[in-house]
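Let's take a look at how this chain is put together. Have the sequence and the 3D view open as you read.

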Amino acid sequence: MKKVISLILIFSVCVFSFACVIETPQQHYDSLPEGEPTGRFAEISVNCSSVFSHLTDLKAGIKDILPPDGVILAKKKYEIRKGDTLLKFLADALKNEKLLYAVNSGYLVSINNLGEKDCGSTSGWIFFLNGKMPSFGASSYLVKENDVIEWLYSCDIKDVQGLES
């Protein structure tokens, strides 16, 4: 009887070993379908405080919709979904906070009704990734765990030069 139980136990272990898939966290992440939560997080914020230094350039009625401190979305961590680009990650965060935004052909046009050219001909939304202003578009970078993403409204590029850490 002991031999039979031992054989059954050995057989069960062998079957179980072949049925289990052992994978690294990266292999697990890579195997997730697009849009699936990853269990990984990144931080994002949205700020338009530079507008207050350019009120004379601001289109009529826009000042009334701005938050008093310029913070549209305070720094907050959100879960990354498989395939999230910077733009998709932003869109999901804004939806989660019930904030309006507009994107056209992979380009961010407005957040909370503050859009490009609302504060001068070169004004619009820019982003920093981990303290740097990247040389690529927001729809071409996949968000990574612990990324820090800052979206800033710029009325003049001089407002953001030197902000890189």
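## The core

How many residues does the largest nonpolar core have, and which of them have the most contacts inside it? Keep in mind that this is a predicted model. The core has 33 residues, and Ile 44, Val 46, Trp 125 and Trp 151 are those with the most contacts inside it. As a bit of background, nonpolar side chains in soluble globular proteins tend to be buried together.

Which elements give two or more residues to this core? They are strand 1 (37-47), strand 2 (71-81), helix 3 (86-96), strand 4 (107-111), strand 6 (124-129) and strand 7 (148-154). Helix 3 gives the most, with 6 residues.

## Zooming in on Val 46

Now pick out Val 46. Leaving aside residues up to four places away in sequence, Val 46 touches Gly 70, Val 71, Ile 72 and Leu 73, along with Leu 90, Leu 94, Ile 111, Trp 125 and Trp 151.

An open sheet is formed by 4 strands, in the order 2-1-7-6, with mixed pairing. Strand 2 and strand 6 each have a single partner strand, so they stand at the edges with one side left without a neighbour in the sheet. From one strand to the next, the twist averages 20°.

Strand 1 pairs with strand 2 over 7 bridges, in the antiparallel sense. To see the two side by side, find Asn 47, which stands opposite Val 71 in strand 2.

## The helix across the sheet

Back to helix 3. This helix lies across strand 1, strand 2, strand 6 and strand 7, and runs at about 115° to strand 2.

Notes: Residues numbered from 1 in each chain as written. Predicted model: local features only at pLDDT ≥ 70, side-chain atom pairs only at ≥ 80, totals over all residues. Heavy atoms only, no water. Core = buried A, V, L, I, M, F, W, Y, C linked by side-chain atoms within 4.5 Å. Buried < 20%, exposed > 50% of the residue type's maximum accessible area, 1.4 Å probe, protein only. Contact = heavy atoms within 4.5 Å. Pairing = 2+ DSSP bridges. Axes fitted to C-alpha atoms, helices over the stretch in contact; angles between N-to-C directions.
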